[in-house]
Amino acid sequence: MLGMNKKDTALMIVVAILALGAPILLNPFPTESAMAQFNAGYPDLMQRFAIFGIFAIGFNILFGLTGYLSFGHAAFLGVGSYSVVWMYKLLDYNVIWGLPLAVVTAGAFALLIGYVSLRRSGIYFSILTLAFAQMSFNLAYSVLTPITNGETGLQVYTKDPQVLLGANEANSPHFFGLVMNSSSKIAMGGWEFTFNNGYYFCAVILMVMFYLAIRIFRSPFGMMLRAIKSNNTRMTYTGLNPRPYALAAFVISGMYAGLAGGLMAAMDPLAGAERMQWTASGEVVLMTILGGTGTLIGPVLGAGFIKYFENIFSKINDNILHGWFSFLPDGLEDFVVFIIHPFIGKGWHLTLGILFMLVVIFLPGGLVEGGQRLKKLVTSKKDDSNNTAKTEPAE
Amino acid sequence: MGILEVKDVGKRFGGLQALSDVNLSVKENTVHAIIGPNGAGKSTLLNCLVGKLIPDTGSVMFDGQSVLGRKPYEINQMGISRVFQTPEIFADLSVMENMMIPCFAKRDGAFRMHAIENMHNEKDIVEKAEAMLEDMNMADKKDMHAASMSRGDKRRLEIGMCLAQEPRLLLLDEPTAGMARADTNNTIDLLKQIADERDITIAIIEHDMHVVFSLADRITVLAQGTPLVEDDPQNIRGNPKVREAYLGETG
């Protein structure tokens with residue numbers, strides 16, 4: 001279907017079901033139950049799942065296929081956000097102007113940064129991209145204040161031209177009248193599901209971008225990128241010039257990042273320099289490795305995993321812990337809370353760090369490898385039971 | 001005029017004169033062996049031919065065109081393919097993919113952006129790669145991970161990948177180094193078959209005299225960075241200068 005083989009079509013369908021059903025699937029606990037705080041089906045978080053999913057899919061096209069580890073992809077995220085907010089300021093709140101511009105400007109930036117950085121490989125390439133990203137961050141933060149509004153962040157003011165703004169037009173980002181921050185809520189039994197326009201806008205784009213990634217992975221171009229990672233020497237002595245291939249991968253992943261940044265501004269009409277900071281670049285590396293480098297679905301899973309823990313663990317506080325462990329004797333309860341305290345709330349990074357270490361040490365292929373091992377375990381057990389069933393009569 | 005003409009090539013690394021006054025002419029459709037003791041400059045000469053090194057003096061002409069200053073992939077596109085001492089293949093890819101890449105390189109040149117079409121729908125490439133694997137007796141290993149093959153099979157695959165590009169000159173750098181006797185003989189048979197059946201010139205650097213005398217039509221002996229003699233195999237065997245410089249040591 002659509003130029004994909006059976007396995008890829010199945011994967012695409014799974015992603016589509018997850019993306020479209022997320023508001024229900026991520027809300028397994030009734031609103032009133034104690035477990036409700038583990039629900040992830042609220043618009044803000046789901047939007048982040050989709051946006052960072054797109055960011056990670058694009059990053060994986062560079063890192064997963066060619067092996068070039070960029071530490072500066074957040075720069076393109078920021079460029080995308082600024083482009084979209086500028087279109088709000090100059091034209092109107094319709095995201096149709098900003099998003100294509102975000103992709104184009106991020107692509108142009110990626111071309112420039114990639115052209116220079118790809119003269120080196122390995123750690124030197126990573127350091128060059130990091131340097132460019134920090135330069136972009138500092139430019140955005142101070143030097144280019146007229147364009148980026150410095151540390152305040154770029155936002156829309158009433159005095160902005162907004163030349164296309166109609167009389168009845170919504171006063172927040174929308175897609176031809178489909179207002180991003182409006183939702184419809186449906187209550188069913190103890191559950192309440194929120195269907196948000198912005199989320200569905202992101203989810204549809206995520207599906208398109210995922211489909212595009214499948215096509216790239218299966219194309220001759222994708223194979224050439226894997227060839228760069230596998231053996232650059234053989235590549236050169238096979239009459240292929242690795243540099244334009246790597247540069248094309250860099251630009252494509254930069255465009256994905258620009259789109260993700262644009263979508264951030266489409267959900268919330270703000271753009272700040274902190275979006276370009278190196279921690280944001282590092283985060284997408286973590287997502288990709290955690291999910292499974294070089295796999296199609298891995299980066300999306302990694303993005304979801306990290307964003308989920310960021311939101312859920314950081315929400316848990318000591319009071320909630322005391323509630324959980326109230327069944328323990330007083331002294332023991334305080335002790336357990338004392339032990340867990342550093343891993344929750346602001347300390348969620350500690351939890352993430354430990355999880356990341358465990359995954360890298362025990363599952364070098366990321367969550368995808370974990371899934372594969374689980375599947376093997378289940379199927380091999382099934383085979384065993386089949387075998388014994390078959391051999392028993394013979395005995 | 002040979003297909004490959006090396007004239008007065010010299011190369012110096014710091015205080016070491018690795019090559020000096022190297023003259024070499026490889027005739028079309030022959031197997032030309034370059035032999036010499038360790039440190040004679042064989043590999044340096046080879047690297048000068050494929051663009052990895054640029055000689056300090058002299059010229060290297062392939063089919064009437066200079067290769068000096070061109071990048072390795074450009075020289076390859078001119079029609080020179082190289083087989084390495086340790087097989088250089090795409091270890092993370094399948095055997096079939098390994099074979100498809102040189103087919104793409106031959107058809108599409110050094111770079112082409114074909115990012116949307118599925119590679120398995122490229123009928124001409126798939127057919128050519130399958131035929132090539134058939135020729136190399138590897139059709140049954142098509143879906144194998146290239147890294148999991150034996151050393152001999154990796155060598156076969158690498159030679160097959162080079163041939164898929166339909167080169168006019170095939171350079172081999174000690175193709176049987178570190179191989180067991182059986183694998184060495186298989187490789188000799190394969191190379192003989194290639195030389196007989198295909199319209200191709202082969203230049204081979206080799207240490208193993210058995211390989212050299214089984215294959216070569218013409219032999220150049222290199223010693224201390226400069227050619228000692230160039231002659232037919234039977235004359236090389238009896239040449240006292242060669243014995244002294246090289247054969248004498250190994251018996």
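Helices (H or I, at least four residues) and strands (E, at least two) are DSSP runs, numbered from the N terminus. The views below show a predicted model, in which local features need pLDDT of at least 70, side-chain atom pairs count only at pLDDT 80 or more, and totals for chains, interfaces and linings use all residues. Residues are numbered from 1 along each chain as its sequence is written, while chains are lettered from A and ligands numbered from 1 in the order in which they are written.

**View 1. Chain A as a whole, with 16 helices and 6 strands.** Along its principal axes, the C-alpha trace of chain A spans about 80 × 65 × 45 Å. The radius of gyration, which is taken over C-alpha atoms, can be set against the globule rule of 2.2 Å times the number of residues to the power 0.38; for 395 residues a compact globule would have a value near 21 Å, and the 23 Å of chain A agrees with this. A residue is called buried if 20 or more other C-beta atoms, placed from the backbone, lie within 10 Å of its own, exposed if 12 or fewer do, and partly exposed in between, and 44% of the 395 residues of chain A count as buried.

**View 2. The largest nonpolar core, around Ile54(A).** A nonpolar core is a set of buried Ala, Val, Leu, Ile, Met, Phe, Trp, Tyr and Cys residues joined through C-beta atoms within 7 Å. The largest one has 177 residues, and those with the most contacts inside it are Ile54(A), Phe55(A) and Ala260(A). The largest share of this core, 17 residues, is supplied by α10(A). Two residues are in contact if their C-beta atoms, placed from the backbone, lie within 7 Å; leaving aside neighbours within four places in sequence, Ile54(A) is in contact with Ile205(A), Leu206(A), Met209(A), Tyr256(A), Leu259(A) and Ala260(A).

**View 3. The contact between chain A and chain B.** Chain A brings 24 residues to this contact and chain B brings 29 residues. On the side of chain A that touches chain B, the elements that give two or more residues are α7 (197-218), α8 (220-230), α9 (232-236) and α10 (242-267) of chain A, and α8(A) gives the most, with 7 residues.

**View 4. The open sheet of chain B, with the strand order β2-β1-β4-β5.** Two strands pair if DSSP finds at least two bridges between them, and the pairing in this sheet of 4 strands is antiparallel. The edge strands, each of which pairs on one side only, are β2 (16-26) and β5 (65-66) of chain B. Helix α1 (residues 42-50) of chain B lies across β1, β2 and β4 of chain B and runs at about 65 degrees to β2(B), where axes are lines fitted to C-alpha atoms, for helices over the stretch in contact, and angles run from 0 to 180 degrees between N-to-C directions.

**View 5. The hairpin formed by β9(B) and β10(B).** Strand β9 (residues 218-223) and strand β10 (residues 226-231) of chain B pair in the antiparallel sense over 5 bridges, and Ile219(B) has Asp231(B) in β10(B) as its bridge partner. Between the two strands of the hairpin there are 2 residues, and Gln224(B) in the turn has a positive phi of about 50 degrees.
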